[in-house]
Every structure is written in C-alpha cells, then in structure tokens.
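Student: I'd like to learn how to read a model like this one. Could you take me through it feature by feature?

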Amino acid sequence: MSDPATQALQPRLLHHQAQGASGGSAGSTAAATPSSATGSSDPARPGLSQQQRASQKKAQVRAFPRAKKLEKLGVFSACKANDTCKCNGWKNPNPPTATRMDLQQQAASLSEPCRSCGHALADHVSHLENVSEDEINRLLGMVVDVENLFMSVHKEEDTDTKQVYFYLFKLLRKCILQMSQPVVEGSLGSPPFEKPNIEQGVLNFVQYKFSHLAPKERQTMFELSKMFLLCLNYWKLETPTQYRQRTQKEDATAYKVDYTRWLCYCHVPQSNDSLPRYETTQVFGRSLLKSIFTVTRRQLLEKFRVEKDKLLPEKRTLILTHFPKFLSMLEEEIYGENSPIWEADFIMPASDGAQLGQTGISASVVSGSPGLVKGLSSASSLSSLDAGVTETITGEKRKLPEALTLEDAKRIRVMGDIPMELVNEVMMTITDPAAMLGPETSLLTPNAARDETARLEERRGIIEFHVIGNSLSQKSNKKILMWLVGLQNVFSHQLPRMPKEYITRLVFDPKHKTLALIKDGRVIGGVCFRMFPTQGFTEIVFCAVTSNEQVKGYGTHLMNHLKEYHIKHSILYFLTYADEYAIGYFKKQGFSKDIKVPKSRYLGYIKDYEGATLMECELNPRIPYTELSHIIKRQKEIIKKLIERKQSQIRKVYPGLTCFKDGVRQIPVESIPGISKCAEETKEVKDPDVLYNMLKNLLAQIKTHPDAWPFMEPVKKSEAPDYYEIIRFPIDLKTMTERLKNRYYVTKKLFIADLQRIITNCREYNPPDSEYCKCANTLEKFFYFKLKDGGLIEK
C-alpha cells in the first residue's frame, strides 16, 4: 500500500504499536471472545469503549475548520490538475513529526504543493468546492474509519481476518474517492442470510419450553433469553483457522463464509459506522449457532464467573444459577434433529397455547435490550413539573366507539351476517380472563403485534409519553430541560450523520416540539417534529430510540402516539425525509413514497436532505392508532370463537343404527340419521369455473338493468359526507365485479349476501320514498327473479 493515504497513516500506526496498544484483533485469542473494551465494567455489554473512541475522533475531525477538513480529504483525493497526473492523493510537503499533530497543526494552504506531483492542494479537492457540510462530514467519518481499518490490518495476525479488513479498507477508500455509499459486493449475499434467525429461534424456544410456567418463572426465562441474545450480538467469533483446529474439520468453507459475513456486516460496523450494521442474531440462523454455541457457551459462563463481583447482587443468582440451565436446554434444541423451534411456521401446540393466553413473547423484542448486569431500573428523584411546554400523553387516548346497542342488533341483516347478540356474547367471553384468555402478564403471544410490549409497559406505568418543547415566554422547567438534553443526546448518538449543533438547534427551537419516550425518569427515545397547521401537515425531523432499548416496539408505539396527538389537533398528514436505513421503519408505520400533499403546500416549509427520500403518511381520524393492534387481535379472537361455536354445532353425533341387530340386511343411504340434513346444507355448485360463469352472467345482467345506476360505483364522500359513518359495510356493483375477477365468490351465498347488502345499505341511509330506495326495490325483485331462474336459490 504505497498511496498517499497509506503513507499518511504510517506515523500514527508506528506510535500506536510503540505504546503497545491492544484490541481489534479477531485472531488474538484462543477462540470466540467478547470484543475488547478497555474500561468497560459490564461483562454482558463489552465493546463500547472502542466505539466511543471512534465517535470522539469523528466529532473532533468534524469540528475542524473547513480548510482543515479539505486538507484531510485531500489525502484521499486524486489530483485533477490535468489528465496526465496520476497522483491519487495529496502529500503534505511538511508532514507532522509528532503524534496526533493533525489535530493541532495549522491547516495547509490550498496553494500548498503536493510532495508527490507538485500540484496544489486545491487541485486535489476541487470536486469538494460546492459540496455541502453534511456530505463533507460524512466523508470525514469514512476517513476516520479508514484510519482505524488501516491499523487493524497491520495489527491483525490472522490471514482470513486481515484480508477482510483490507477489503473493507479499500472499499471505504474507494467510496471517499467517488463520494459514494459503501456497499459490500461479491458472493457473500445480503442480510438476512438464514430464516428463521437466531433471535426468532431463541424466542420460539422460550415459548416452546416455558409457556406452562407461572408468570414470574416465565419472565425469568424471558430475561435470560434477552441476555443471551445481547451477548451474542457483541461476541467476537473465532477465526476459521481456530474453528478448524477446535473441530478437527478439514473443510470449514461454510463457517468461513459466515465468519466473513459477520465481520463485514456485524463486527467491523460496530466501531466503523460508515458501514451498514446488522445484529448478529437478526441476520444469522441455526447453522452459525451450531458452529459457535458450544465454545461460546463455555466462555460466556466462564466470563461471568470471573467477573461475578461486578454483577449486581439481585442479578447474580439469575446469571450464575439459572443461566447455565437455560443454555443447557437451549443446546438440546440447537443440535436436536427434530426440534420444532427452527421451523419457519412454528406455532405453539394448542394445549400449551391455551394456557399461555397473552403471555408469549413477541418475535421482535430482544436484540437491543439493555444488559441485565447493569439492571434496568433507576429511580427518578426529579421534582414534578411546575411549568414549561409539556403535554402528557398517557391516559388521554381517544375514546373507542361504544358497545353495540340493541338498535344495532335489530337492524335488517343480510343472509349470512352474524347476529350482533352473538358478537356481544362472544365479546363478553373473550374479555373475561377466567373464561378464555387468562390474566394479562408482561409476556406476549407468538404472533403479537410489534407494539404489544410497549403498550403493556405503558399500561403498567413503566414508560410514559410527553409532548415537550422549549419556551422563550415561560420560565424554564428543570425536568423539561433535562428531558430536552436527553433527547438531544439520543438523537446525536443514534443519528451520527447529523451534525450535533443542528440537532441541538432544532430540539431547543420553540417552533419544534418533541414527543418524548420516558422510562424510569430518563429519555430513551423521541420524535422531533414541527407542525404547520395552516398548511395541514407536520414535518417529522428526527425519530430515534436509544440502541439498547430498540426492538421492543417502542418506535411503533411512539409513532402511534404521535398520530393520535395530531388527530386531536386536526392535522392529518406527516411528511419526512428518510435516509436509506429509515425507509423500512417508516413503511411499517404507514408512510409511503407516493406524496398526496400538493407540492405547493410544503415547498419552502420543510427542510430538504441530500440522499434522503420524501415520505408521507395520511392519518385516518377514525382509527385509534395506539389501540389498533389490540383491536385487530380481539377481532381475530372473536372470529376464532365464532368458528369454534359453529364447529360444535356442525359436529353433531347421531345415535348408531340398531336395525342390523334385528336382521335387516340393507337400508337406503338417506335413511341414515344426519345424511339428508348434511346433503341439504352442502348443496352447492362444486365446479368453481361453472359457478364463476353463472355469477359473471348474472352480474352483467344486473349491471345493465335501468335501475342499477345508483349502485354502479362506490358512494363519493363529497356527495354524502356521513355515508361511511352510518354504513359500516359499504358495497357496490363495481366492487362486486372486482371481487368476482379475484375469485372471491367461492360460494353462491357470498355473492347473494353482497347483492342483498347493496339493497339494505340503500334502505338504511335513504328515506323510504326516495328515488334511490325505489331503484333498490325494483332491482331487488329483478335479481331475486334471476337467482331463481338460474337455479341459485329455491323457487
């Protein structure tokens, strides 16, 4: 490596080696070990110091004057003086002689000649002249990562690891030169590499093995699973060479591929955030876990034993006594041939699931959870709020619609509709803990919604939501100011590409508000936004949850609270610029790249970000967002209970035949009890193509009827603003045509029910003597005549 960037790094590397600095070598230990972390006292959360050092260095570099920044980037920029110059980086004619002189030395002049090609520094950085400060800072972050990788390459002794470090070094070097985003290319593929992933498998294991336990014991197993996954995310894997020596396997190709993937996507990005980072437990599956579990388990337990004095007393028994048993049971499921926890469609057995009720575990709870060793709770001693701009969200949810009334139940029903009396009866059953589900605990069902954990924690008072903001007209409140500082820290840490000064300015700007997520008196996340009531939208500026509290559904619940807050203030549109890592999150929250807000309404009002995508979310004021997942869950429970009732009615057992004992040799089939009734109930057109053609012809005739005109299209809200508030199940002939094309009508009953609903909806909304009802009456007689004529109903 003879390029200028490499030469510029040499003095720093030599000094680093002279001091005997250690760490960063994946091959420096006998096997898998935790990432080195000088000064880290948390055995379950190693590796933070190295990451902090990199962040501090980047903050220092980004604080340089513009001229100094250009000098640093010039080292990595090819000369553009003329086409014949092949110099690929500016060399300082007066290189620093002391360590870290680049931090104190005066910036070189743009006219300073390159020691290699003789052209000025300006010729090397001319392409950066009109580049924004944000992009300059992003490139400087990559420069720091390149320096770190350069040192890792020279310190690393393992050949396989050295090759990966050198590849990533060249990748970032190339990205600085081309001002592009780093993308790992080649045959490694892209994450995730296996499904189900390790996290899902471990959660399935907890559900599979411990669902029968009492809530307290079940919670213990859940905590242990969180700790194991967290440790695995920060664990340093053994090199392929060490793996071959330990397992005595000549062919370690598969492990080498996984190891390379782990270095590129998980390990190196921990301290080099220019590279996209993934959690080990979320992108790898059973195959990697099989390769590393035995040695990782042994070393993890040994590490906890050695550092047991650093553990909190209340956690010591959990870690030293229960954790080994937990890992032993997990080992059986990892290496067992027929373990069901690794099946893609894993579902709890019915017998166990019935006992579990709402106490399973969400599939997205664990990887970012805080280390158990430090404990999760800290009492808050701050005084209560006296003044300041704050609104507490807890307990202010919009009311849900009242229970169905007797009048609802007596409405004209369409054939096949479920009686409302039965729905109310089932609702009483599923809301009675003793009758069906059992009491709610802190654990969740296997298919729980993303925000279920957060919703339950809010109900128990573990987390709170407050809309806060700075004020220039009111006396500053200590607690609010501390929360604002906490939000600034969360945003700065989770959004490293955003300048810290910019984040601070917006968080403390009186025009901006922030929905703060508070846990144990401290800020763990928030959404900073600015409302534009006159324009009818709100801009979301920052959205983040601290890394050790992620994957618990907090982000989803945070956004749901923000939606409800804006519905109360009659603002029904969100706009935000999302970077490539945030697009997935915003899509899950209902955002789309399809912008419906006219450009004239937001142009000049919101901040534009380079490389980001504008996304929009339209809010529905009829949806209680914070309870939506719970409502859907209840709807599924109602349907399940109704199906069970229907099945119990169908499964009628008739008495056996006794006539054969009396010498009867033969009887007609229809005389067997239940046969005739079953034949009547199952009388249906069996060939789907025949049924499709019959319904298609019938629908075509109905649509050509002269009185069908009011029912051809869905009712427009502009013509009948309250229509969709009165009519709960709207339907029209156009929608029926689409359903028919999609083969929705698998039975004639479904088709007839939709036809009848068109008529009942019309009668429910319009006066009896209206023109619409007269059309409905005529059309009803016509289609019933056609149904009888086609043999679809009895004459």
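Student: Let me start with one side chain: is Lys641 buried or exposed?

Tutor: Keep in mind that this is a predicted model. Lys641 counts as buried, because its relative accessibility is 18% and the cut-off for buried is under 20%.

Student: What does Lys641 pair with in a salt bridge?

Tutor: The general idea is that side chains of opposite charge can pair when their charged atoms come close. Here Lys641 meets the side chain of Glu644, at 3.8 Å from N to O. Glu644 is partly exposed, at 35% relative accessibility.

Student: Where do Glu644 and Lys641 sit relative to each other?

Tutor: Start from the helix itself: an α-helix has 3.6 residues a turn, so residues three or four places apart point the same way. Glu644 and Lys641 are both in helix 24 (residues 628-650), and because they are 3 residues apart, about one helical turn separates them.

Student: How many salt bridges does the whole structure have?

Tutor: A search finds 23. One of them joins Lys58 and Asp273, with 2.3 Å from N to O. That pair ties together distant parts of the chain, 215 residues apart: Lys58 belongs to helix 2 (residues 48-62), while Asp273 lies in the loop between helix 11 (253-271) and helix 12 (280-283).

Student: How accessible are Lys58 and Asp273?

Tutor: Lys58 is buried, at 3% relative accessibility. Asp273 is partly exposed, at 32%.

Student: Which residues are linked with Lys58 in a network of salt bridges?

Tutor: Asp145 and Asp273 are linked with Lys58 in that network.

Student: What about Asp160 and Lys256: which parts of the chain does their salt bridge link?

Tutor: Those side chains meet at 3.3 Å, N to O. The bridge runs from Asp160 in helix 7 (residues 159-178) to Lys256 in helix 11, and 96 residues separate the two. As for burial, Asp160 is buried with a relative accessible area of 12%, whereas Lys256 is partly exposed at 35%.

Student: Let's zoom out. How many helices and strands does the chain have?

Tutor: You'll find 30 helices and 9 strands. The chain has 795 residues, and 46% of them are buried. If you take the contacts with a separation of 6 or more, 73% come from residues 24 or more positions apart.

Student: One loop to finish: where is Asn766, and what is it in contact with?

Tutor: Asn766 is in the loop between helix 29 (748-765) and helix 30 (771-789). Setting aside neighbours within four places in sequence, Asn766 is in contact with Tyr772 and Cys773. Asn766 counts as buried, because its relative accessibility is 17% and buried means under 20%.

Note on methods
Residues numbered from 1 in each chain as written. Predicted model: local features only at pLDDT ≥ 70, side-chain atom pairs only at ≥ 80, totals over all residues. Heavy atoms only, no water. Salt bridge = Lys/Arg side-chain N within 4 Å of Asp/Glu carboxyl O. Helix = DSSP H or I, 4+ residues; strand = E, 2+ residues; numbered from the N terminus. Buried < 20%, exposed > 50% of the residue type's maximum accessible area, 1.4 Å probe, protein only. Contact = heavy atoms within 4.5 Å.
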